[in-house]
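Reader: Please take one part of this model and go through it closely at the level of side chains. Then set that part against the rest of the chain.

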Amino acid sequence: MASRRKPWFLRETRRYWPLMTINERFEHLVAFALGFIIAVLVALALVQLLVHVVPLLLTGALDPLDHEVFQSLFGMVMTLLIALEFNHSIVRVALRHNGIVQVKTVVLIALLALSRKFIILDTKSTEPETVAALAGATLVLGIVYWLLRERDDRIESPDAHDDIDAREPRDPDRP
């Protein structure tokens, strides 16, 4: 008799489901549903991008070297990348690799979104105050991401930042 194989991606869910609280089960189901919905949206957006853009590029109707066309195309690609990263963070929660959506991931997605905004920004029609505000937001998010990464690095290897004297035997004759 052939054994029925259970999907590997549900193994952790089946294992921990009886131990989960009602709230954890709800979060888990929502994460699965969101992951599925975002995956469908990303697939549809990719198909739309290919269906509309590739024929225009092949026929020469779109010039990818034109600045506005390049900004528009790259903006579409960046939107897909942001959606993929967002989906990846939700799937990690659903597959129980992380308990909750990590703040560091959310900050990274926000940085990607701001990067996309800078790429598609029309500098001729955008007020300098808007550019300054976006730059400030990018700087703050970059600092927050750096601080979160530093914290995670310290948590992962607490002895990596110890004093050099603590790792080497101390000579009693040296001050």
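Author: R149 is partly exposed, because its relative accessible area is 34%, a value between the 20% limit for buried and the 50% limit for exposed. The model is a predicted one. The side chain of R149 forms a salt bridge with that of E150, with 3.7 Å from N to O. That distance counts as a salt bridge because the cut-off is 4 Å. A search of the whole structure finds 1 salt bridge.

The helix to consider here is α5, which covers residues 128-156. Its 29 residues should span 42 Å at 1.5 Å a residue, and the end C-alpha atoms are 42 Å apart, so the two values agree. Buried positions in α5 are L134, L148 and D152. The partner of these buried residues is α4, against which they pack.

Helix α4 runs over residues 103-120 and has 18 residues. From its first C-alpha to its last it reaches 26 Å, close to the 26 Å expected at 1.5 Å a residue. In α4 the buried residues are T105, V107, I109, L111 and L114.

The largest nonpolar core is made of A31, I38, V42, L49, V53, V69, L73, L80, I90 and V93, 10 residues in all. Helices α2 and α3 (67-94) each supply at least two residues of this core. One of the core residues is I38. Leaving aside neighbours within four places in sequence, I38 is in contact with A83, F86, N87 and I90.

Not counting residues up to four places away in sequence, N87 touches L34, G35, I38 and A39. For the pair N87 and G35, the separation is 52 residues in sequence and 5.5 Å in space, C-alpha to C-alpha. V91 is in helix α3 and is partly exposed, because its relative accessible area is 31%.

Next comes the surface. F36, I37, V40, L41 and L44 make a nonpolar surface patch of about 490 Å². F36 lies in helix α2, residues 22-59. Its relative accessibility is 58%, so F36 counts as exposed, the limit being over 50%. The accessible surface of the protein comes to about 13,400 Å², and 65% of that belongs to carbon and sulfur atoms.

For the chain as a whole, there are 6 helices and 0 strands. Along the sequence the pattern reads α-α-α-α-α-α. Of the 175 residues, 19% are buried. Among contacts with a separation of 6 or more, 64% join residues 24 or more positions apart. The pair N87 and G35, 52 residues apart in sequence, has already been described.

By contrast, L148 and D152 are buried in α5, and the buried residues of α5 pack against α4.

Technical notes: Residues are numbered from 1 along each chain as its sequence is written. This is a predicted model: local features need pLDDT of at least 70, side-chain atom pairs count only at pLDDT 80 or more; totals for chains, interfaces and linings use all residues. Side-chain values use heavy atoms; hydrogens and water are left out. Patches are made of residues with over 30% relative accessible area and no salt bridge: like charges are joined within 9 Å, nonpolar side chains (Val, Leu, Ile, Met, Phe, Trp, Tyr) within 5 Å. Accessible areas come from the Shrake-Rupley method with a 1.4 Å probe; for residues, only the protein chains shown count as cover. Helices (H or I, at least four residues) and strands (E, at least two) are DSSP runs, numbered from the N terminus. Buried means under 20% relative accessible area, exposed over 50%, partly exposed in between (1.4 Å probe, protein chains only). The expected span of a helix is 1.5 Å times one less than its number of residues. A nonpolar core is a set of buried Ala, Val, Leu, Ile, Met, Phe, Trp, Tyr and Cys residues joined through side-chain atoms within 4.5 Å. Contact means heavy atoms within 4.5 Å.
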